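Biologist: I would like to go through this model by question and answer. Please start with the side-chain contacts.

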Amino acid sequence: MIKTGIRRKHQWAICLFLMILFMTMLMTTGAAGKANVRNDVKCITRIKISRDDNPWKGMTHTSRQEEMNKNIPAVEFNKGTCEVFPHLSVYQINSESLLGKDKVGKKIVINSRYFSALEKVDATRIPSGTVKPVGRFLDTSFLSLSPRQLVRFLLDAQIITTYWHLESELCMTGEKDEKDGYTAVFTGVHRYCTNRCETERLNFAVRIDRVTGEISVSGH
């Protein structure tokens with residue numbers, strides 16, 4: 001009886017240890033899933049992008065839709081046929097919205113007065129050194145939008161995609177404004193959930209050619 005009691009106490013001790021170990025691992029995983037932009041990184045500006053503000057919300061159910069969404073046609077904006085997005089209302093030029101949804105064609109479109117047709121670029125998957133074109137901004141005087149404002153618009157409009165499923169937090173760590181071009185460098189994290197929730201790092205740069213208006217994204 002004494003040996004049986006000792007054995008049971010030993011088994012309970014093992015069970016308690018395993019439970020504590022499991023809870024510790026669970027808490028660690030949860031903390032990793034909620035990782036933020038590092039506080040020790042000096043940011044020129046911090047930006048949070050959420051799927052709640054995704055202009056393509058409800059338009060990503062199939063791979064065919066996803067493929068079609070990559071191209072953003074440039075069209076003449078008509079308030080009667082284009083639905084605009086409240087969170088992008090700060091990015092207007094002469095009271096004109098820049099991005100909208102064609103109510104008839106059910107497609108996201110860009111204002112042809114200020115942009116060429118654009119291609120969405122996924123900044124989460126760009127290998128270091130790879131450059132991907134987005135399209136052109138037509139006002140190369142940059143009086144309507146400064147290069148920094150233009151980059152912020154492309155991020156907030158999610159034309160430059162910075163997350164897969166949930167959200168991203170971005171830190172602009174550097175910018176270079178020269179005669180021939182402007183470059184903004186970003187680090188950050190994005191969050192997504194598959195079988196479990198994960199956090200991955202982001203490192204990319206956006207360049208605006210001041211002469212041609214060409215926009216591109218590169219991996220860092």
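Biologist: Which residue does the side chain of Lys48 meet in a salt bridge?

Modeller: This is a predicted model, where local features need pLDDT of at least 70 and side-chain atom pairs count only at pLDDT 80 or more, while totals for chains, interfaces and linings use all residues. Residues are numbered from 1 along each chain as its sequence is written, and side-chain values use heavy atoms, with hydrogens and water left out. A salt bridge is a side-chain nitrogen of Lys or Arg within 4 Å of a carboxyl oxygen of Asp or Glu. At 3.6 Å, N to O, the partner of Lys48 is Glu167.

Biologist: How many residues apart are Lys48 and Glu167?

Modeller: The two are joined by their salt bridge. Lys48 belongs to strand β1 and Glu167 to strand β13; helices (H or I, at least four residues) and strands (E, at least two) are DSSP runs, numbered from the N terminus. The pair links distant parts of the chain, and the spacing is 119 residues.

Biologist: Is Lys48 buried or exposed?

Modeller: Buried means under 20% relative accessible area, exposed over 50%, and partly exposed in between, with a 1.4 Å probe and protein chains only. At a relative accessible area of 55%, Lys48 is exposed.

Biologist: What does the salt bridge of Arg191 and Glu167 tie together?

Modeller: The side chains of Arg191 and Glu167 meet at 2.7 Å, N to O. Because Arg191 is in strand β14 and Glu167 in strand β13, the pair ties together parts that are 24 residues apart in sequence. Arg191 has a relative accessible area of 8% and is buried. The two parts tied together are β14 and β13.

Biologist: Which residues do salt bridges with shared partners join into one network?

Modeller: Another salt bridge, 3.1 Å from N to O, joins Asp177 and Arg210. Asp177 is in strand β13 and Arg210 in the loop between β15 (197–209) and β16 (214–219), so parts 33 residues apart in sequence are tied together. The network of shared partners consists of Lys48, Glu167, Glu169 and Arg191.

Biologist: How many salt bridges does a search of the whole structure find?

Modeller: The pairs above are among them, including Asp177 with Arg210. The search of the whole structure gives 13.

Biologist: In what order do the six strands of the open sheet lie?

Modeller: Two strands pair if DSSP finds at least two bridges between them. Strands β13 (residues 167–177) and β14 (residues 181–193) run antiparallel and share ten bridges, and Ser168 has His190 in β14 as its bridge partner. Antiparallel pairing holds in this sheet, whose order is β1-β13-β14-β15-β16-β11.

Biologist: Which strands are at the edges?

Modeller: The sheet is open. An edge strand here pairs on one side only, and the two are β1 (45–50) and β11 (131–136).

Biologist: Which residue in β16 stands opposite Pro133?

Modeller: β16 is joined to β15 by five bridges, antiparallel, with Ile208 opposite Ile215. β11 and β16 also pair in the antiparallel sense over five bridges. Five of the six residues of β16 are buried, so the strand is largely enclosed by the rest of the structure. Opposite Pro133 stands Ser216.

Biologist: Why is helix α3 largely enclosed by the rest of the structure?

Modeller: The buried residues of α3 are Pro147, Leu150, Val151, Phe153, Leu154, Leu155 and Asp156. Helix α3 (residues 147–156) is largely enclosed because its buried residues number seven of the ten.

Biologist: Which elements give two or more residues to the lining of the largest pocket?

Modeller: On a 1 Å grid over the protein atoms alone, a pocket is an open set of points where a 1.4 Å probe fits, with protein on both sides within 12 Å along at least five of seven lines, and lining residues have an atom within 4 Å of a point. Its lining has 20 residues, with Glu66, Lys120, Thr161, Tyr163 and Trp164 nearest the centre. The elements asked for are α2 (63–69) and β10 (121–122).

Biologist: What volume does the largest pocket have?

Modeller: Grid points are joined across faces, edges and corners, and a volume is the space filled by probe spheres set on the points. For the largest pocket that gives about 700 Å³.
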